[in-house]
Amino acid sequence: MITENWKIFFHLQTLLFLLSFGLLQKLLASPSAKNWKKFLTEYGKVIFYPIRQFTDDEDERMELYVYVCESLARNNFARLKRYQQRSGAIQAKFTTWLISIVKNLCIDWYRKREGRFRLYKAVDNLSALDKEIFELIFLRGFSIEEAFEIITQDKICLLYTSDAA
């Protein structure tokens, strides 16, 4: 009985894969607005899944969704064609591959908006305390007084926990 259920499950999974892969092939063979709409209807939730992980702001989510869709459609669906062109012994499921592409596009979008996060080389040479002060004031935007309070509270907590042990 269990083996029969697994066979049915496997056949259903295979059928779903072939249908979805067929949708991708249809879009790439005939890149029309109708096929793009069918693709987004089928994979909209898959595309939106990683976007939800990047921000809680609904407006940003929608901006990201538009950016991702435009990026996927750009150059006659060049990014989507890369999935078909991949060769090798093991190929990820299309949805898994699509999620990783969307995550990378989300990172690109944030980098374009806010720049790449890099510390100055001089900061690397600072002591641990000085790095913490730098991070609190310059990267996280705390005032000098707030940074002092945070650092002293952390040190007091450390002393208290080490005395308790």
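Guide: Serine 71 lies in helix H3, which spans residues 58-85, helices being DSSP runs of H or I with at least four residues, numbered from the N terminus. This is a predicted model, in which local features need pLDDT of at least 70 and side-chain atom pairs count only at pLDDT 80 or more, while totals for chains, interfaces and linings use all residues. Residues are numbered from 1 along each chain as its sequence is written, and side-chain values use heavy atoms, with hydrogens and water left out.

Visitor: Why is serine 71 called buried?
Guide: Buried means under 20% relative accessible area, exposed means over 50%, and partly exposed lies in between, with a 1.4 Å probe and protein chains only. Serine 71 has a relative accessible area of 2%, and therefore counts as buried.

Visitor: What makes cysteine 69 buried?
Guide: Cysteine 69, which also lies in helix H3, has 9% relative accessibility and is therefore classed as buried.

Visitor: Which residues does cysteine 69 touch, not counting those up to four places away in sequence?
Guide: Cysteine 69 touches Trp36 and Leu40, contact meaning heavy atoms within 4.5 Å. The C-alpha atoms of cysteine 69 and leucine 40 are separated by 8.5 Å.

Visitor: How many disulfides does a search of the whole structure find?
Guide: The search finds zero disulfides, a disulfide being a pair of cysteine sulfur atoms within 2.5 Å.

Methods: Helix = DSSP H or I, 4+ residues; strand = E, 2+ residues; numbered from the N terminus.
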